[in-house]
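Please keep the sequence and the model in view while reading.

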Amino acid sequence: MAQVDRRAADFISEASRGNSGELVFYRKRQFIGAALNTSVRVDDILVADLDPGTYITVKAAPGRHTVSGDERDERLAVQVEPGKRYYFRMELAMGVWKGHGKLEAVDNQIGLEQFQDFELKPAKDVRQPRMVVR
């Protein structure tokens, strides 16, 4: 556990050094999969779990980062630019025993529209609160 905390501290330190970007992760409220919470990872750090109808925003230093949902091998790469915002929608994917969360990169305009239309609330289950912008 100490290793994760140190990596999170390093991530936070880098993000606070300059003009950072923001990674916005959200999940639409829907009946299917309502009992399933889904994990959000940034650079392999478990940041939070998203319930239906919730979101988190993570401040990230400029440069290359990876994001993923429940399955770490389903990583997406994002090149963060200073002052820019990047949207990721959490979708449910079917699995052998149960579904899991899978992130999809979303165009900024669509992400902003969905973010407003979905009437999202901040996620409650935040594992690394110092990484999350409130």
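How many bridges join strand β2 to strand β5? Two bridges join β2 (residues 38-42) to β5 (residues 63-68), and the two strands run antiparallel. In this predicted model, local features need pLDDT of at least 70 and side-chain atom pairs count only at pLDDT 80 or more, while totals for chains, interfaces and linings use all residues. Residues are numbered from 1 along each chain as its sequence is written, and side-chain values use heavy atoms, with hydrogens and water left out.

**Overall fold**

The chain has two helices and ten strands; helices (H or I, at least four residues) and strands (E, at least two) are DSSP runs, numbered from the N terminus. Along the sequence, these elements follow the pattern α-β-β-β-β-β-β-β-β-α-β-β. Of the 134 residues of the chain, 44% count as buried. Here buried means under 20% relative accessible area, exposed over 50%, and partly exposed in between, with a 1.4 Å probe and protein chains only. The accessible surface of the chain comes to about 7700 Å², and 49% of this belongs to carbon and sulfur atoms; the areas come from the Shrake-Rupley method with a 1.4 Å probe, and for residues only the protein chains shown count as cover. Among contacts (heavy atoms within 4.5 Å) between residues at least 6 apart in sequence, 65% join residues at least 24 apart.

**Strand pairing**

Strands of a sheet pair through backbone hydrogen bonds, either parallel or antiparallel. In this report, two strands pair if DSSP finds at least two bridges between them. An open sheet is formed by five strands in the order β6-β5-β2-β3-β10, with antiparallel pairing. Strands β6 (76-80) and β10 (125-126) stand at its edges with a single partner strand each, so one side of each is left without a neighbour in the sheet.

The bridge partner of L23 in β4 is V58. Strand β1 is mostly covered, with five of its six residues buried.

**The loop between β2 and β3**

Most residues other than glycine have a negative phi, and most peptide bonds are trans. D43 has a positive phi, near 50°, and lies in the loop between β2 and β3 (45-50). D44 is found in the loop between β2 and β3 and has a positive phi near 65°. D43 is partly exposed, with a relative accessible area of 24%; D44 counts as partly exposed at 24% relative accessibility.

**Nonpolar cores**

In soluble globular proteins, nonpolar side chains tend to be buried together. A nonpolar core is a set of buried Ala, Val, Leu, Ile, Met, Phe, Trp, Tyr and Cys residues joined through side-chain atoms within 4.5 Å. The largest nonpolar core has 25 residues, of which L23, F25, V42, I56, V58 and M131 touch the most other members. At least two residues of this core come from each of α1 (2-15), β1, β2, β3, β4, β6 and β7 (85-93). Strand β3 gives the most to this core, with four residues. Not counting residues up to four places away in sequence, the residues that L23 touches include V42, I56, V58, V67 and F88. A second, separate core of six residues includes V24, V106, F118 and L120.

**Aromatic pairs**

The structure holds six aromatic pairs. Rings of Phe, Tyr and Trp (its six-membered ring) pair if their centres lie within 6.5 Å; planes under 30 degrees apart count as stacked, over 60 as edge-to-face and the rest as tilted. Two of the pairs are listed below.

| Pair | Arrangement | Centre to centre | Angle between planes |
|---|---|---|---|
| F25 and F88 | stacked | 5.3 Å | 20° |
| Y55 and F115 | edge-to-face | 4.8 Å | 75° |

F25 lies in strand β1 and F88 in strand β7, so their pair ties together parts that are 63 residues apart in sequence. F25 counts as buried at 0% relative accessibility, and F88 counts as buried at 3%. Y55 lies in strand β4 and F115 in helix α2 (residues 108-117), so this pair ties together parts that are 60 residues apart in sequence. F115 counts as partly exposed, at 22% relative accessibility. One aromatic cluster is formed by Y26, Y55, Y87, F115 and F118.
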